[in-house]
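Please look over the strand arrangement of the following model, sheet by sheet.

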Amino acid sequence: MSDPLRTVVLIEDDPGVQLAAAQALQIGGFQVLPCDSAEQAQALLKPDFPGVVVCDVRLPGKDGLTLLRELHRADPDLPVTLVTGHGDVAMAVEAMREGAWDFIEKPFASERLIDVTRRAAIQRQLVLENRRLKAALSGALLGTGRLIGTSPAMERIRTLVANLGPTGVDVLIEGETGAGKEVVAQALHEASGASGPFVAINCGALPETVFESEIFGAEPGAYTGATKRRIGKLEHARDGTVFLDEIESMPLALQVKLLRVLQERSFERLGGNAVLPLQARVIAATKVDLKALSDRGGFRADLYYRLNVATLALPPLRERREDIPLLLTHFAELAGLRFRRPVPRWSAAQMAAWQARDWPGNVRELRHLADRWVLGLEAAPTVAAAAADGADTPEAAVRATEHGKAGLEAQLEAFERGLIEAALRSAQGSVSAAAAALDLPRKTLSDRIRRLGLDAESFRLS
């Protein structure tokens with residue numbers, strides 16, 4: 001079987017030159033896919049294409065430089081070697097500025113073509129392997145999958161997801177804006193082993209006039225402009241999961257129809273008579289207290305009680321501050337990959353300041369901070385600034401009273417404790433590894449652990 005990483009898309013409109021170049025590359029051990037035009041080649045060149053490109057600059061239709069720009073918009077790391085017979089130095093300079101892997105002038109020796117292509121193939125292999133490893137790391141950070149964190153609150157969420165996922169029962173997720181409700185819904189979907197898709201619907205973003213056709217679908221003639229059958233979200237999610245975000249925004253009139261769907265596990269398309277079975281799990285999410293809303297008449301009580309069979313309450317970020325170092329590390333890694341930037345290091349004091357914030361936007365706000373940090377747009381935080389920006393000063397005062405200490409001293413100790421506990425959990429109780437993560441000498445960290453009365457052994461995974 002041929003190695004896909006030794007595949008070359010060769011774009012050359014001159015039949016003689018194309019044949020000679022293809023033969024040289026084949027002798028060099030490459031599989032060649034010859035193309036007469038850029039348009040023909042683009043059908044083969046998808047993101048993560050496991051090979052390289054050799055392209056003449058002057059082609060009928062789209063030229064090589066235009067193709068280079070378009071390919072690099074989709075995949076900036078794809079090696080593209082440009083070839084010209086015009087000896088144009090200015091064109092060569094422009095090609096290299098546009099990110100060409102190399103530039104070869106006609107006539108060229110076979111050895112030159114093979115050498116340039118071989119180096120490009122090696123680089124492509126390294127890039128694709130790095131992408132694979134980064135994706136694996138992002139998807140399985142500390143073995144937690146999508147649900148990142150070692151706090152007791154997140155351990156409880158993981159347990160609930162593992163228990164509820166395979167049952168297929170409808171679930172209501174409660175949590176503040178940005179707390180990660182859709183992430184939990186996706187985790188439930190994955191834990192179910194469902195073969196169908198995960199279909200997300202934001203009930204607050206759909207106009208009432210199109211809501212019914214979006215959810216249930218519609219037959220031709222059901223409304224003005226309906227010329228063909230429309231498949232709704234419930235039908236599209238067959239053998240999968242429907243996620244109804246911001247369920248509290250659903251119009252009351254449609255809540256009656258949703259209640260009937262959930263009770264009878266069937267529905268009809270708008271303007272149709274055929275009864276279709278609901279063959280999808282329904283997960284709803286809300287950022288408000290649905291019980292209180294239903295008591296005020298803003299949400300149907302019968303629908304609330306129908307949804308409230310299995311409820312999963314997602315804690316806000318301020319209630320699991322010990323997860324912030326892991327979350328920020330994860331998001332910063334993703335941002336570094338996305339923006340092609342190195343991830344700047346942060347100090348223990350900076351992390352303590354981040355842990356002191358109130359985080360009204362929860363995990364979403366933290367992810368945006370990670371993006372700004374990697375882009376160099378986030379100023380280094382301080383504990384004082386975090387406290388002024390809305391840290392949990394009342395709770396810090398309670399802790400201060402409990403320990404018989406003044407406010408600032410108690411806050412600093414609480415931040416230090418949380419940071420060290422998070423590092424020890426991440427290092428599975430290894431003081432040496434935690435010290436390295438915190439950029440502290442091992443003896444200094446050991447002294448602080450003793451002073452705080454912590455037991456490193458208790459953080460080892462059983």
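## Strand E1 and its two partners

Opposite Thr7 stands Gly51 in E3, and the two strands concerned, E1 and E3 (residues 51-56), run parallel and are joined by 5 bridges. Here strands (E, at least two residues) and helices (H or I, at least four) are DSSP runs numbered from the N terminus, and two strands count as paired if DSSP finds at least two bridges between them. The model is a predicted one, in which local features need pLDDT of at least 70 and side-chain atom pairs count only at pLDDT 80 or more, whereas totals for chains, interfaces and linings use all residues. Residues are numbered from 1 along each chain as its sequence is written, and side-chain values use heavy atoms, with hydrogens and water left out.

E1 also pairs with strand E2 (residues 31-35), in the parallel sense and over 5 bridges; in E2, Val32 is the bridge partner of Val8. Between these two strands the chain passes through helix H1 (residues 15-27), and this β-α-β crossover is right-handed, a term that applies if, with the strands pointing away from the viewer, the path from the first strand over the helix to the second runs clockwise.

## Burial of E1

Because 5 of the 5 residues of strand E1 (residues 7-11) are buried, the strand is largely enclosed by the rest of the structure; buried means under 20% relative accessible area, with a 1.4 Å probe and protein chains only. Both faces are covered, with Thr7, Val9 and Ile11 buried on one side and Val8 and Leu10 on the other.

## The sheet around E1

An open sheet of 5 strands has the order E2-E1-E3-E4-E5, with parallel pairing. E2 and strand E5 (102-105) are the edge strands, each pairing on one side only, and from one strand to the next the twist averages 20 degrees. H1 packs on this sheet, touching E1 and E2, and its direction makes about 165 degrees with that of E2. Helix H3 (residues 64-74) likewise packs on the sheet, touching E1, E3 and strand E4 (80-84), and its direction makes about 175 degrees with that of E4. Contact means heavy atoms within 4.5 Å, and angles run from 0 to 180 degrees between N-to-C directions of axes fitted to C-alpha atoms, for helices over the stretch in contact.

## A further open sheet

Strand E6 (residues 171-174) pairs with E12 in the parallel sense over 3 bridges, and Leu312 in E12 is the bridge partner of Ile173.

Conventions:
Buried means under 20% relative accessible area, exposed over 50%, partly exposed in between (1.4 Å probe, protein chains only).
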